[in-house]
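Here are my notes on this one, in the order I'd go through them with the model open. Have a look and see whether you read it as I do.

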Amino acid sequence: MPVKEIPRANFSRELILTEKGDASKLLYDKGRFGTLLENGKVQLSLLEAAYLLEKGTLIVVDGRNKEIDSDKFIKRSNKAEPNFWVRYAVFKDMRNRGYIIKTALKFGADFRVYDRGVKPGE
């Protein structure tokens, strides 16, 4: 059985950007995590990245290419985004139940929630 490749992402302030590759595209295609960019990279929200990091399906590195563990990531995210921990608890619960969650800040809400099996954008 082949070893599954884990995508790598760079943490830069409030932006999480994966490296270009099949593993990143698969992350988007299978779970609808992030936004697929034209250059083949995936842009993730802090919530999505924290969830994937905790699940062991994403490796996050800082500007010096040093891996960031889940605890350090959450501490940085708390500084960057108000109420991160509360929002993450809700995000994690909904994802664990099989729902697709996307941010909805431009709509004046924290999240857009899609039923199980629905792929946003299709």
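This is a predicted model: local features need pLDDT of at least 70, side-chain atom pairs count only at pLDDT 80 or more; totals for chains, interfaces and linings use all residues.

Which residues in α2 meet which residues in α3?

1. On the α2 side the residues are Leu46, Ala49, Ala50, Leu53 and Glu54, and they meet Ser70, Phe73, Ser77 and Ala80 of α3. The two helix axes come within 10 Å and cross at roughly 170°. Anything over 145 degrees counts as roughly antiparallel, and α2 and α3 are therefore roughly antiparallel to each other.

2. Next, α3 (70–80) by itself. Its buried residues are Phe73, Ile74 and Ser77. Looking down the axis of α3, they fall within an arc of 95°, so they line one face of the helix. Asp71, Lys75 and Lys79 are exposed on the other side. As for what the buried residues of α3 pack against, the partners are β1, β2 (15–18), α2, β5 (59–61), β6 (67–68) and α4.

3. Phe73 deserves a click. Leaving out residues up to four places away in sequence, Phe73 touches Phe11, Ile16, Leu46, Ala49, Ala50, Leu53, Val60 and Ile68. Four of these, Leu46, Ala49, Ala50 and Leu53, are among the α2 residues from point 1 that meet α3.

4. Is Ser77 buried or exposed? Its relative accessible area is 0%, so Ser77 is buried. Beyond its neighbours within four places in sequence, Ser77 is in contact with Phe11, Leu46 and Phe84. Phe11 and Leu46 also turn up in the list for Phe73.

5. Now the largest nonpolar core, which has 25 residues. Ile16, Leu44, Leu58 and Phe73 touch the most other members. At least two residues each are supplied by β1 (8–12), α1 (22–31), β4 (42–44), α2 (46–55), α3 and α4 (84–96). Which element gives the largest share? That is α2, with seven residues.

6. On to α1, where Ala23, Ser24, Leu27, Tyr28 and Gly31 are buried. Seen down the axis of α1, these fall within an arc of 140°, so they too line one face of their helix. Asp22 and Lys30 are exposed on the other side of α1. The cover over the buried residues of α1 includes β2, β3 (35–36), β4, α2, α4 and β7.

7. Check the residue that follows α1 as well: Arg32 has a positive phi, near 55°. Arg32 is 27 residues from Glu5 in sequence, and their C-alpha atoms are 17 Å apart in space. Glu5 itself lies in the segment before β1. With a relative accessible area of 56%, Glu5 is exposed.

8. Last, Arg97, which sits in the loop between α4 and β7 (100–103). Its relative accessible area is 48%, so Arg97 counts as partly exposed. What does the side chain of Arg97 join up with? It makes a polar contact of 3.0 Å with the side chain of Asp93.

Technical notes
Residues are numbered from 1 along each chain as its sequence is written. Side-chain values use heavy atoms; hydrogens and water are left out. A nonpolar core is a set of buried Ala, Val, Leu, Ile, Met, Phe, Trp, Tyr and Cys residues joined through side-chain atoms within 4.5 Å. Buried means under 20% relative accessible area, exposed over 50%, partly exposed in between (1.4 Å probe, protein chains only). Helices (H or I, at least four residues) and strands (E, at least two) are DSSP runs, numbered from the N terminus. Contact means heavy atoms within 4.5 Å. The arc is that of the directions from the helix axis to the C-beta atoms. A polar contact is a pair of N or O atoms within 3.5 Å; within protein, one must be able to donate a hydrogen and the other to accept it, and residues adjacent in sequence count only if both atoms are side-chain atoms. Axes are lines fitted to C-alpha atoms, for helices over the stretch in contact, and angles run from 0 to 180 degrees between N-to-C directions. Angles under 35 degrees count as roughly parallel, over 145 as roughly antiparallel, 65 to 115 as roughly perpendicular and the rest as oblique.
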